[in-house]
Amino acid sequence: LQERREQHVTDALIEPTKRIQGAAFERPDVRRRRWSWLAKGTTASLGISLATGLHLYFFAPFNWNAGQIVLGVHLAAGLLATALFVAWQIEHMTKGLRLARSRAFLVVSWLYFALYVVLLTSGVAIAAPFLLYLAGFVWFYKFETTDLIAKLHLYLAVTTTVCFFAHLLMPHWPKKRNLP
Amino acid sequence: MKRQLKQYGLIALLSFGSAAAVVATGALVVQPPADLGVNIADVPYYKLPYGKDEQGSDRPFWPSRVKTADGKFADPKNIPSAAACVKCHVQEFEEWAASLHAISGRDAVYDKTIDFNEDFKKASTGPEQVRFCEGCHEPAEVILGRTNRVVSTMPSDAETEGLNCVICHTATHADAEKGNGALTISINQATDHLHNALIMASPRDHARAFGAKATNALITKSEFCAACHVEKYDSEVSKSPGSIQVQTTFSEWQKSWYAKNDVSCQDCHMNPDPAGFVEQLKRGVVAKPGRYVHTFVGSNYLMTETALGSNLFFLRGGIIPGMSAKRYLEVIEKQKAETHRLLKSAARLEIRSAQLGAGKKGLVSVAVMNVGAGHNLPTGVSDQKYMWLELDVKDAKGRKLHHSGWFDAKRGEHDPKSVTWMERFWDEQGKQIKDHLTFNTAAIDLTRALVPPRGEDVVDYAIEAPGDVEGPISIQAKLWYRVALQDLVHNVLRADIVVPPFLLTEVSATLPVGEGH
């Protein structure tokens, strides 16, 4: 019932704005499914990245034989999450921004988005020497630089996880009584 | 519950939880890296002729003071060769390859000298006594347990690489006072557990193996170098009844202006421009270099003398694995230029006074000044590395009034009456040892006090000018340096190579007859 009510609110919002043109309304199920698949894939790969990343930072030094496999999974999941995140955001931002009415929600969401961009960029920066090595080029940062980026990556991962749940918890759209 | 939270929050928790569960299970199931050290008892026929230490523990590397952190031998499979490090650290490898550290074990002069000393005590402790030398020159061989009469462990690529990457980058402690290789090496932790590609993304394990906090703190200090650049002989390694100082490079530095101004060994010898740095110090500017390199530029000009052609490769013990002959020559050529520049920056000569009158006994005073070295001139094993002064005084007709310090380039000998700065090794019968037969050395003395850092030695020459001497009189003084006596080349190396001397500095002056200046 809650879902249906929210869907109703969403539709009610979209209708008066007239911003989303015919095609979206003609094939709403197709759009929702694609959106949903990217969002779920991004969420799952980020969840795996967080678990493997925390293990790498705190537990891998005790057993690098296992840590090596975890590192491989973390890199793969992280790079996949980055690709999915970019693809998903293109859709999510274009549609979601038009729908959002709460200023507080927008502020938190933009902050959340910025943190995610830095998190994923730092992840790609860490993975860059690895990818270059696989491509046959040897290049790497000073150890201190990698260490600094890794710390930043860790702190951002924890912060964005908090923001992730805050984002999901916050009311996305205006309450029903405020609707026109 | 909100739809978004219910849907995506659940996915997030499920993916995180399942990944965490899989990782935790994997970490428990996959065995951690095994202990890599080899127990002494597992090396067959390994001899311990020097007994136990004061605490009753075995001293497997004695009489060298080198030791492993866990007291065990290294496993030959696990000592990384410099040729493995070059895959990622090309610049550092090429700098090091040209240095003496890279050939400290394979250099033909050293290699033959070791055999010479070992043979001298073959009947008793010769092969084990050689650990004394190998602890600094080829530490990997010692910690593999291969310095033994019966060699029962497998060889490693690293053992011929002298002081290679793994030795310095796993050292965790150095004893600057005791010397004789007093380094503690955490060699059995020096194994990467990650594939090279993964190290690129997560270098923490690599840093654990080769950049431990204790190591990083140690290798920047002069005390680290002192572990091998302080050398003492005693009855266990020589014929000397008590302890005698042979190499005092560290203590020379410790007492100097350089130590007081925090100028370390590394600041000069690991400087990208060592001579430039020395010139900067002469101007009183003490500023640490922005980058340290692995060239370890020093005084051995012979081992970079590319004019020797194929003899150079013979002397250097072949080509370093992991490097082409062409590239090897290129880096040696660069090292040669840096070595020459550094040597030229070390000393200065001044003619302090000169009084020569017709038919009279005159005096020429030459000051030999150590203006650039942070240790004595010469330093190190000075029974072979020595310095002498050549003085040539002529009148206007070109008639020689005095000449001392000549060098015979065919026989490789210098004027025995010249003013020389060197250590002399003596055997029990009072005969001078000129071929570095360490194990037979009973006493050591100096021909003349070595020139201390920022110090000088004024040499007076009494010269008698004939009655018909014509002015102006020309005076030329040259300070020569040589890295080995010809006796060593003939007796030990058995090669027909003359060790050329190196001109450190020279000065000349002219003066009228009968005047003092």
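The legends below describe close-up views of a predicted model. Residues are numbered from 1 along each chain as its sequence is written, and chains are lettered from A in the order in which they are written. Local features need pLDDT of at least 70, side-chain atom pairs count only at pLDDT 80 or more, totals for chains, interfaces and linings use all residues, and side-chain values use heavy atoms, with hydrogens and water left out.

**View 1. The interface between chain A and chain B.** On the chain A side, 47 residues are in contact with 38 residues of chain B (contact: heavy atoms within 4.5 Å). The buried area is about 3,700 Å², and carbon and sulfur atoms give 72% of it (buried area: the accessible area, 1.4 Å probe, that two parts lose on being put together, summed over both).

**View 2. Polar contacts and helices at the interface between chain A and chain B.** Between the two chains there are 9 residue pairs in polar contact, both residues at pLDDT 80 or more (polar contact: a pair of N or O atoms within 3.5 Å; within protein, one must be able to donate a hydrogen and the other to accept it, and residues adjacent in sequence count only if both atoms are side-chain atoms). The count of salt bridges is 0 (salt bridge: a side-chain nitrogen of Lys or Arg within 4 Å of a carboxyl oxygen of Asp or Glu). Helix 1 (2-17), helix 3 (28-58), helix 4 (64-99), helix 5 (103-134) and helix 6 (143-169) of chain A each supply at least two residues of the side that touches chain B. Helix 3 of chain A gives the most, with 14 residues. Helices (H or I, at least four residues) and strands (E, at least two) are DSSP runs, numbered from the N terminus.

View 3. A:Thr82 is buried, with a relative accessible area of 16% (buried: under 20% relative accessible area, 1.4 Å probe, protein chains only). Not counting residues up to four places away in sequence, A:Thr82 touches A:Leu120 and A:Val124.

**View 4. Strand 17 (residues 473-482) of chain B.** Of its 10 residues, 7 are buried, so strand 17 is largely enclosed by the rest of the structure. Strand 8 (residues 386-394) of chain B runs antiparallel to strand 17, joined by 9 bridges; B:Lys394 has B:Ser474 as its bridge partner. Strand 18 (residues 502-511) of chain B is also antiparallel to strand 17, with 9 bridges, and B:Ile473 stands opposite B:Leu511. Two strands pair if DSSP finds at least two bridges between them.

Key:
Buried < 20%, exposed > 50% of the residue type's maximum accessible area, 1.4 Å probe, protein only.
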